Amino acid sequence: MSAVVVGVDGSEPALAAVRWAAGEAADRHTGLLLVYAFDVAGLYADAAIAPLLDDVEEQMRVEADEILDAARAAAEQTAPGLTVQVRAERAAPAAALIEESRGASLLVLGSAGRGAVGTALGSVSLTVAAHAESPLVVVRGTVQDGPVLVGVDGGPLSEVALGHAFAAASAHGTGLTALYAWHDGTSPALRAAGVFDRLRDTEERALAERLAGWSERYPDVAVERVIERSEPGRALAEHSARSRLVVVATRGRGGFTGLLLGSTGLSLLQRADCPVMLVGPEATAAH
C-alpha cells in the first residue's frame, strides 16, 4: 500500500498530525513520509533580500532538517518499527503536497500551525482539499476510540467517501456510523407539512440499499444507520464527539460552488471533535 504523507511545519499541531498519521500508517501496514515545503520564490521581489538569497535558502534548509528530525522522532516514538522517510521540498507548500498526494494513500495536515502548511482554514489546506488525489485528513479535536463516522448525501462523491470510511473502519477493527441529515430549512410550511416524517421511510430504505454493497465488501465492519432532521454539518459535528474519524465528501448535493469545501466541510474543520477526512473531487477510490 502507498505511504501516508504528512505536511509538517514545526508547530505542535503539525506534530500532533505526525503522531496520528504514524498510528494510521501502522494500522494500514504501510510507511510514513514527512514533507516540509519552503518557498523562496516570493523573496526575489524584495530587492533588499535578493543579494542574500543563497544564505537565506541555506538557513531554510537547516531549519527544514531540524523540523523533519523532530517529526521523525515523534513518529518513531508513536509507532516503533514504522518505516519513516523525510523530504524537504523547495516549492510552494500547496503544490508540493498536491504532488505528493498522487502517490499517497492518505495526506495528513495539522488543524492549525505556524505557517501555511498547518493552517486548517488557510488557502493551502483549501487548495489541497480541492485538488489532492488522495483523501486529506485534518487532525483536530480529540484522538479517541470509537466508530468511523461518514456523512451520506446521495451525491457521487459521497460514494467515494463511503469507500474510504469503510476501509478506515476495517483497518482499525471498528464499526461505522453512516449519517444522513435532512435539513428542511426554516420554512413553517415545510415543517407543518411534515416533509421529514413523510420521507423518512423512503430515505431509510435508500440508505440501507446504498450501504448494502459496502457491507458485503467489508463484512467485518458493523454498520449503524442514522437519519436525523438537522443541518448536516451540525449533525456530523455532534456525532464526532463519539467518533475516531469523520469522513465527508468536499462536494456534495448541497455544496456551495463558490467554496472549495462547501458548507459541511468548512463547518467540520471548525467544529468537529475528532480528525476530519475530506474526500475531494480529485481523490481516487479506496483500494
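# Strands, helices and an aromatic cluster

Me: Which residue in strand 2 is the bridge partner of Val-6?
Reply: Leu-34 is the bridge partner of Val-6 in strand 2. Keep in mind that this is a predicted model.

Me: How many bridges join strand 1 to strand 2, and how do the two run?
Reply: Four bridges join them, and the two strands run parallel. Strand 2 covers residues 32–38.

Me: What does the chain pass through on the way from strand 1 to strand 2?
Reply: Helix 1, residues 12–28. This β-α-β crossover is right-handed.

Me: What about strand 4, how does that pair with strand 1?
Reply: In the parallel sense, over three bridges. Strand 4 is residues 106–110. Its Leu-107 is the bridge partner of Val-5.

Me: Which residues of strand 1 are buried on each side?
Reply: Val-4 and Val-6 are buried on one side. Val-5 and Gly-7 are buried on the other. Both faces of strand 1, residues 4–7, are therefore covered. In general, side chains in a regular strand alternate between the two faces of the sheet.

Me: Back to helix 1. What should its 17 residues span?
Reply: They should span 24 Å, at 1.5 Å a residue. The end C-alpha atoms of helix 1 are 24 Å apart, which agrees.

Me: Which residues of helix 1 are buried?
Reply: Ala-14, Leu-15, Ala-17, Val-18, Trp-20, Ala-21, Ala-22, Glu-24, Ala-25 and Arg-28. Note that Glu-24 and Arg-28 are among them.

Me: Where is His-29, and is it buried or exposed?
Reply: His-29 is found in the loop between helix 1 and strand 2. It has 72% relative accessibility, so it counts as exposed.

Me: New topic. How many aromatic pairs does a search of the whole structure find?
Reply: Three. In one of them, the rings of Phe-166 and Tyr-218 have their centres 5.8 Å apart. Their planes are at 25°, so the pair is stacked. The cut-off for stacked is under 30 degrees.

Me: Where do Phe-166 and Tyr-218 lie?
Reply: Phe-166 lies in helix 5, residues 156–172. Tyr-218 lies in the loop between helix 7 (195–217) and strand 8 (223–229). The pair therefore ties together parts that are 52 residues apart in sequence.

Me: And are Phe-166 and Tyr-218 buried or exposed?
Reply: Phe-166 counts as buried, at 0% relative accessibility. Tyr-218 counts as buried too, at 10%.

Me: Which residues form the aromatic cluster?
Reply: Phe-166, Trp-214 and Tyr-218 form one cluster.

Me: Now strand 9. How many of its residues are buried?
Reply: Five of its five residues, 245–249. Leu-245, Val-247 and Ala-249 point one way. Val-246 and Val-248 point the other way.

Me: What is Thr-142 in contact with, leaving aside neighbours within four places in sequence?
Reply: Asp-273, Cys-274 and Pro-275. Thr-142 lies in the loop between strand 5 (136–139) and strand 6 (148–151). At 46% relative accessibility, Thr-142 counts as partly exposed. Its C-alpha atom is separated by 9.6 Å from that of Ser-240, 98 residues apart along the chain.

Me: Why is helix 3 described as largely enclosed?
Reply: Because seven of its nine residues, 93–101, are buried. Among them are Pro-93, Leu-97, Ile-98 and Glu-100.

Me: Last one, the whole chain. How many helices and strands?
Reply: Nine helices and ten strands. Buried residues make up 49% of the 287 residues. The chain exposes about 12,900 Å², and carbon and sulfur atoms supply 51% of it. Among contacts between residues at least 6 apart in sequence, 79% join residues at least 24 apart.

Methods. Residues numbered from 1 in each chain as written. Predicted model: local features only at pLDDT ≥ 70, side-chain atom pairs only at ≥ 80, totals over all residues. Heavy atoms only, no water. Phe/Tyr/Trp six-rings, centres within 6.5 Å; stacked < 30°, edge-to-face > 60°. Buried < 20%, exposed > 50% of the residue type's maximum accessible area, 1.4 Å probe, protein only. Pairing = 2+ DSSP bridges. Right-handed = clockwise from strand over helix to strand, strands pointing away. Contact = heavy atoms within 4.5 Å. Expected span 1.5 Å × (residues − 1). Areas by Shrake-Rupley, 256 points an atom, 1.4 Å probe, with all protein chains shown as cover.
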